[in-house]
Amino acid sequence: MVRQRQRVRYYLLALLCAVLVFTVAYNFGMSTFEGRPQSFLHSLVMVFETFTTTGYGEDAPWTSPIMNLLVLGMQVSGVVLLLAALPVFIIPLIENRLAMTPPTAIDGVADHVIVCGDTQIGRSLVSEFVPREVEYVILESDRDSATELYEANYSVLHGDPESPETFHNANVADATAVITDAPDEIGASIVLAARESDDDVHVVSIVDDGELGEYQRYAGANQVLSPRHLLGKSLANRARSVSSENLSDIIDLHESFEIAELPLTRDSDFVGRTLADNRLGERTGVGVIGAWQRGAFVSPLPADAVLDEHTRLLVVGRPAQLERLEDVAQSAVRQQRREPIVLIGSGEVADTAAERLGAADVPIKTLDKADGPNVDVVGSPIDPTALRSVGIEEANTVVIALADDTKALYTALVVRNLNPNVEIIVGANDSDNVRKLYRAGADSVLALTRISGQLVASDVLREDAFRQSVSPVEVVRTSAPGLAGRTLADSRVRTATGATILAVQRDGEVITGIDPSFTPERDDEFIVLGTGMAIESFEEL
């Protein structure tokens, strides 16, 4: 807009100068070379007639060569100035006329989610809503941003989210929820405006500083969420892996029975093909429990799911079967051992991850540049000596939770060099850095905006499917009398719950190799593996 105004000023100045110069020259030429003196005003009219191509009247023709050249120069200048006016005046005028104007009110929309502000988390929310056909509307106060969203086919409403009238125009009375992702002070004002417009609507406030969340509740927010807290929680859940040692604590198997992860490399034959096409069970005998794909755990993994170089399969089988899997996949199987998880970082993300891992009785060792009550080693995350001191060379898993993505990227490079086989899980603050972190050697990258979008959408829509993707994997012993007398195929256990039955204990005997034709008995005890949500679903079934 500023550049457009400058162009208009320059054009008008050039036009004024050209008119004055040609008027003076024409007036002088008519008197000196044509012997026809005239007023300055008449000469000015002739210049305008020439520039606008409307004619010359009684002054034509001219007898002197100099005057003919002068008139020719005026004609050329007039055409040039006319063409220059197109991008300065005409084209912008047409564009403004044709530009799509974002609405300031909506009608006939109900059960929609109102998202306040065009932010990365807001767009992540929309990306969760669209595939599930959830109606939404983005409130945007800036007209240019609202127009850009509208032209990109987003459902948008132009208005001030701090005004109750805007929420009234957004039909807040029939909305499912209001979500605000704004600076904390503005967020509180938006919550108050939403409450004034409709006191019953469910309001979710996303805050930068979790400690200030209480003030959002005072303003009327039903739920206050901190993206960094959510990211720390998700990193901890991702790092919690079931190990064969955990399984041994629950059941005494007659044969070695191990759980492992298979990280796929770019040159693996599995990459680019679906799970069904790879025929893992038929070729190797292992069972596929699920897979980590771009930081989200999917269980059961659909048969038509395409595997890529960022897929990490969670499998179960005997040592010989896992060896065959390595040969077929051309990737090294990673055994799940209960080694301490190395946590690198500080701040809310790292603190939340450490707290959640500690609550789950998962051993961790922490590295931070500043000393603290829960810091095991003080040092730089890119210092090889500090990393060796925290046990990076023996670690099975490392979680990197740094505030600076560039520092996290360099840390991943150093860690991968010190321990080529370690699993590296990184929290990314900016989703634009995810690809670079993968290239730096990270096995899983959880982006703050994507994870926040998933979990906020989960809470708003009350859908367990969202929470399932970031829930830790667990193994439990449980009874299931409701399954007695029916085959597992008839009960559709895996499809209905996402849980995997690893073994069944019946009359002191351990039965492994459970297939869909297996028929449970009432007194059977099941060894079940899956996410927390999947196990809850299994127990309900």
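Trainee: Leaving aside neighbours within four places in sequence, which residues is Val460 in contact with?
Mentor: This is a predicted model. Contact here requires heavy atoms within 4.5 Å. With neighbours within four places in sequence set aside, the partners of Val460 are Val113, Thr176, Ala177, Ile179 and Val204.

Trainee: Are H9 and H18 roughly parallel or roughly perpendicular?
Mentor: Two packed helices are described by the angle between their axes and the distance between the axes. For helix H9 (residues 227-239) and H18, the axes are 9 Å apart and the angle is about 95 degrees. Angles of 65 to 115 degrees count as roughly perpendicular, so H9 is, relative to H18, roughly perpendicular.

Trainee: How many of the residues in the contact of H9 with H18 are charged?
Mentor: On the H9 side are Pro227, Arg228, Leu230, Leu231 and Ser234, which meet Leu448, Ile451, Ser452, Leu455 and Val456 in H18. These residues divide into 7 nonpolar and 2 polar, and the number charged is 1.

Trainee: What kind of aromatic pair do Tyr215 and Tyr218 form?
Mentor: The structure holds 3 aromatic pairs. Tyr215 and Tyr218 are 3 residues apart in helix H8 (residues 213-219), about one turn of the helix. Both are exposed. Their rings are 6.0 Å centre to centre with 80 degrees between the planes, and the pair is edge-to-face.

Trainee: How far apart in sequence are the parts that the pair of Phe526 and Phe538 ties together?
Mentor: The ring centres of Phe526 and Phe538 are 6.0 Å apart and the planes are at 65 degrees, so this pair is edge-to-face. Phe526 lies in strand S21 (residues 525-531) and Phe538 in helix H22 (residues 532-540), so the parts tied together are separated in sequence by 12 residues.

Trainee: Are Phe526 and Phe538 buried or exposed?
Mentor: The cut-off for buried is under 20% relative accessible area. In the protein, buried residues make up 50% of the 541 residues. Phe526 and Phe538 are both buried.

Definitions and conventions
Residues numbered from 1 in each chain as written. Predicted model: local features only at pLDDT ≥ 70, side-chain atom pairs only at ≥ 80, totals over all residues. Heavy atoms only, no water. Axes fitted to C-alpha atoms, helices over the stretch in contact; angles between N-to-C directions. Helix = DSSP H or I, 4+ residues; strand = E, 2+ residues; numbered from the N terminus. Parallel < 35°, antiparallel > 145°, perpendicular 65-115°, else oblique. Nonpolar A, V, L, I, M, F, W, Y, C, P; charged D, E, K, R; others polar. Phe/Tyr/Trp six-rings, centres within 6.5 Å; stacked < 30°, edge-to-face > 60°. Buried < 20%, exposed > 50% of the residue type's maximum accessible area, 1.4 Å probe, protein only.
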